[in-house]
Amino acid sequence: MSALHDRHRAVLPDWLALYYQRPLEITHGEGRHVWDAEGRRYLDFFGGILTTMTAHALPEVTKAVAEQAGRILHTSTLYLDRPMVELAERIAALSGIPDARVFFTASGTEANDTALLLATAYRRSNQILAMRNSYHGRSFSAVGITGNREWSPTSLSPLQTLYVHGGIRTRGPYAHLDDAEFRAACVADLEDMLGQTRGGVAALIAEPVQGVGGFTAPPDGLYADFREVLREHGILWISDEVQTGWGRTGDNFWGWQAHDRAGPPDVLTFAKGLGNGMSIGGVVARAEVMNCLDAGSISTFGGSPVTMAAGNANLAYLLEHDLPGNARRVGGLLLERLRGAGAGLEVVREVRGRGLMIGIELVRPGTDEPCGEAASLVLEAAREGGLLLGKGGSRLGSVLRIAPPMTLTVAEAEEGAGILAAALHSAEAELGGRARQ
Ligand code: PMP
């Protein structure tokens, strides 16, 4: 163990597990690559859990941040702030939400907290519908709507949450159904849930593609079906776009657009990648919903000039270089390569995804049992080969998560797919060998 690792143990809580047997110390990055303290270079297929939207050390973002830092780091959101107004106007226009208002926060958790604050106040109800296997952050209210129990360390939430089917479809009672049947079953489940509530429900919150839950998505259109039911009851729809926003899924700028018959959500939350590594988050809502609070509070660092400078420069770069289009093209190729790599391997149950958000679900060879050990083996082998990956999925961390910076090139996609294919083969050999003993 490195000396730094020993010191980490002294200051971090026991429930915070680091990746890798020899945890990585990353010292710098450029483009789609990062370097560790030993000088080794890695192709980054995790982008710091999607915080690096465009590229590491993107000169445009670095310059904008440095210039702003040279002027002033922070004042107060109680003063006029040009970069904040500009970014808010851009996001409002992109959101698809009519008469949209934007409120900036410092994280995704705080964005979802704010969305819950708005929805519960607007509807005067503390009942929330959330999806099974979901993740929405780590505050007291966010853990109370997180269906993935591994990521929800307390059940003492002030919210009354009901968990609906539909987030994960590879497993569970509806796994054998086709798309139309799955959607009908999930809608019936939602209606059944609503039949059991007393008083109004405030909102349904959902990630269009579940991130921490293992990059799993319902069939397109499910949220449109849900929306019809929600509208009958006046229930708001909150789309948590913390992972799916900004064209990450290639085909759509927002994840909700895969369900576009539903129209835009009432509330949309974003974070992570917009700041390209700066801590940013926010909520977009119809004015009527945003303005429903009769007393307010500000987020001290939400809308901070430095993060706004990063967000403006990063978003401008993304749009000018059509990175959603790049995510669609290069992501499509990567998905194809990874499907090819997984074909014939017992350890690979499914390779799924859209754009640059690809999940590989691993099982113990010869069984249908989710296998976190396989994911750890692949992560270690890929690291040795010079590639960083993420993992997720309910409880066991058995799904590999691939979400590179959105400037990924075809050559890098091919290179990463090659390293990953070798890592999958070595995990298969190791686990297959053990299974035969
Ligand atoms: N929502 C989703 C979908 C997320 O993936 C995350 C972070 N993994 C959050 C909310 C919370 O964001 P943050 O960590 O910035 O608080």
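Colleague: At what angle do H4 and H10 pack, and how far apart are their axes?

Modeller: A word on conventions comes before the answer. Residues are numbered from 1 along each chain as its sequence is written. This is a predicted model, in which local features need pLDDT of at least 70, side-chain atom pairs count only at pLDDT 80 or more, and totals for chains, interfaces and linings use all residues. Helices (H or I, at least four residues) are DSSP runs, numbered from the N terminus.

Two packed helices are described by the angle between their axes and the distance between the axes. H4 and H10 pack at an angle of about 40°, and their axes are 9 Å apart. Here axes are lines fitted to C-alpha atoms, for helices over the stretch in contact, and angles run from 0 to 180 degrees between N-to-C directions. H4 and H10 are therefore oblique to each other; angles under 35 degrees count as roughly parallel, over 145 as roughly antiparallel, 65 to 115 as roughly perpendicular and the rest as oblique. The crossing of H4 past H10 is left-handed, a term for the near helix being turned anticlockwise from the far one by less than a right angle, while clockwise gives right-handed.

On the H4 side, Pro-83, Met-84, Glu-86, Leu-87 and Arg-90 meet Pro-305, Met-308, Ala-309, Gly-311, Asn-312 and Leu-315 of H10, contact being C-beta atoms, placed from the backbone, within 7 Å. Glu-86 belongs to helix H4, residues 82–95. Its C-alpha atom is separated by 7.7 Å from that of Asn-312, 226 residues apart along the chain. Glu-86 counts as partly exposed because 15 C-beta neighbours lie inside 10 Å; 20 or more other C-beta atoms within 10 Å make a residue buried, 12 or fewer exposed, and numbers in between partly exposed.

H10 itself covers residues 305–320. Of its 16 residues, 13 are buried, so H10 is largely enclosed by the rest of the structure. Its end C-alpha atoms are 22 Å apart, which agrees with the 22 Å that its residues should span, the expected span being 1.5 Å times one less than the number of residues. Just after H10, Asp-322 has a positive phi of about 40°.

H10 also packs with helix H3 (residues 59–71), at an angle of about 155° and with the axes 8 Å apart. These two helices are therefore roughly antiparallel, and H3 passes H10 in a right-handed crossing.

Technical notes:
Contact = placed C-beta atoms within 7 Å.
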